[in-house]
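Visitor: I would like to learn how to read a model like this one. Please take me through it feature by feature.

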Amino acid sequence: MLPLRDENPTRRVPVVTVLLILANVAVYFLVQPSADDVTTFSLERAAIPCEVVEGRPLTLDELRATYGGPADDTACNVGSPESPRPFADKNVLLAVLTSMFLHGSLLHLGGNLLFLWIFGNNVEDRLGPVPYALFYLAAGVVATAAHIAVQPDSTVPVVGASGAIAGVMGAYLVWYPNAPILALFVIFFREVRAKWLLAFWVALQFVEPFNPNSGVAWVAHVGGSPYR
């Protein structure tokens with residue numbers, strides 16, 4: 001089920017939402033490197049649960065355990081603590097914020113920004129530009145914290161605006177539960193209430209843990225949303 005638009009007019013231009021969309025697009029196309037270097041780029045700039053919990057960048061031993069052989073995505077504290085740190089200058093707390101503007105693929109980016117555009121403009125209209133911007137960033141931090149709380153030993157970078165956008169979607173659900181949403185159901189178009197579409201989205205997140213190949217930080221999605 002893919003939302004396409006809502007029937008919920010706003011009183012003012014959603015400046016912050018547009019700027020967030022442009023920032024994410026600019027980072028993806030102008031800052032993030034080609035596929036050959038994307039792992040190194042993410043390790044150097046994205047939030048990694050082990051790093052945040054330990055308060056320091058990953059060691060070479062931890063990186064080798066994660067990427068150098070059989071995959072071990074919970075390699076925190078593997079090997080010697082004296083092992084060199086390839087990204088020794090990384091600010092592991094600032095990375096929690098930069099992660100919100102990094103994406104793993106064009107599909108990942110496009111899906112996130114579609115949801116942000118549909119639901120963000122009304123939440124911004126309700127809160128006002130500055131409170132909305134602060135709310136967006138806070139939701140992203142809370143979402144990342146939720147992911148870290150569940151997977152504190154993970155040595156895999158967390159990227160994407162999904163957690164922050166989940167918070168925006170949760171706010172939309174609270175304030176506009178009955179707003180009509182035009183959604184695509186496989187090959188059919190149908191108008192549904194926001195509360196049913198967003199409840200379906202939340203339920204879908206709980207399917208992710210049973211798909212080992214999904215690569216989705218599903219706890220971050222749910223943690224970013226006040227719909228619990």
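Guide: In H8, the buried residues are Ser162, Gly163, Ala164, Ile165, Ala166, Gly167, Val168, Met169, Gly170, Ala171, Tyr172 and Leu173. Buried means under 20% relative accessible area, exposed over 50%, partly exposed in between, with a 1.4 Å probe and protein chains only. Twelve of the 14 residues of H8 are buried, so the helix is largely enclosed by the rest of the structure.

Visitor: What should I know about the source and the numbering?

Guide: This is a predicted model, with residues numbered from 1 along each chain as its sequence is written. Local features need pLDDT of at least 70, side-chain atom pairs count only at pLDDT 80 or more, totals for chains, interfaces and linings use all residues, and side-chain values use heavy atoms, leaving out hydrogens and water.

Visitor: How many residues does H8 have, and what span does it reach?

Guide: The expected span of a helix is 1.5 Å times one less than its number of residues. Helix H8 (residues 162-175) has 14 residues and reaches 20 Å from its first C-alpha to its last, close to the 20 Å expected.

Visitor: How many helices and strands does the protein chain have?

Guide: Helices (H or I, at least four residues) and strands (E, at least two) are DSSP runs, numbered from the N terminus. The protein chain has ten helices and three strands. Along the sequence the pattern is β-α-α-α-α-α-α-α-α-β-β-α-α.

Visitor: What share of the residues is buried?

Guide: Of the 228 residues of the protein chain, 46% count as buried. The C-alpha atoms of phenylalanine 185 and leucine 2 are separated by 6.8 Å, though the residues are 183 apart along the chain. Phenylalanine 185 counts as partly exposed, because its relative accessibility is 29%.

Visitor: How many aromatic pairs are there?

Guide: Rings of Phe, Tyr and Trp (its six-membered ring) pair if their centres lie within 6.5 Å; planes under 30 degrees apart count as stacked, over 60 as edge-to-face and the rest as tilted. The count comes to four aromatic pairs. Tyrosine 28 and phenylalanine 29 are edge-to-face, at 5.1 Å centre to centre and 85° between the planes. Phenylalanine 29 is exposed, at 51% relative accessibility.

Visitor: Why is the pair of tyrosine 172 and tyrosine 176 called tilted?

Guide: Their planes meet at 55°, so the pair is tilted; the ring centres are 5.2 Å apart. Tyrosine 172 and tyrosine 176 are both buried. Phe115, Phe119, Tyr172 and Tyr176 form one aromatic cluster.

Visitor: How many salt bridges does the structure hold?

Guide: A salt bridge is a side-chain nitrogen of Lys or Arg within 4 Å of a carboxyl oxygen of Asp or Glu. The structure holds six. Arginine 11 and aspartate 125 meet in one of them, at 3.3 Å, N to O. This pair links distant parts of the chain, 114 residues apart: arginine 11 is in the loop between E1 and H1, aspartate 125 in helix H6 (residues 106-127).

Visitor: Are arginine 11 and aspartate 125 buried or exposed?

Guide: Arginine 11 is exposed, with a relative accessible area of 67%. Aspartate 125 counts as buried, at 7% relative accessibility.

Visitor: Which salt bridge does lysine 90 form?

Guide: The side chain of lysine 90 meets that of glutamate 51 at 2.7 Å, N to O. The two are 39 residues apart, with lysine 90 in the loop between H4 and H5 and glutamate 51 in helix H3 (residues 49-54). Lysine 90 and glutamate 51 are both buried. Elsewhere, salt bridges that share partners join Arg11, Arg12 and Asp125 into one network.
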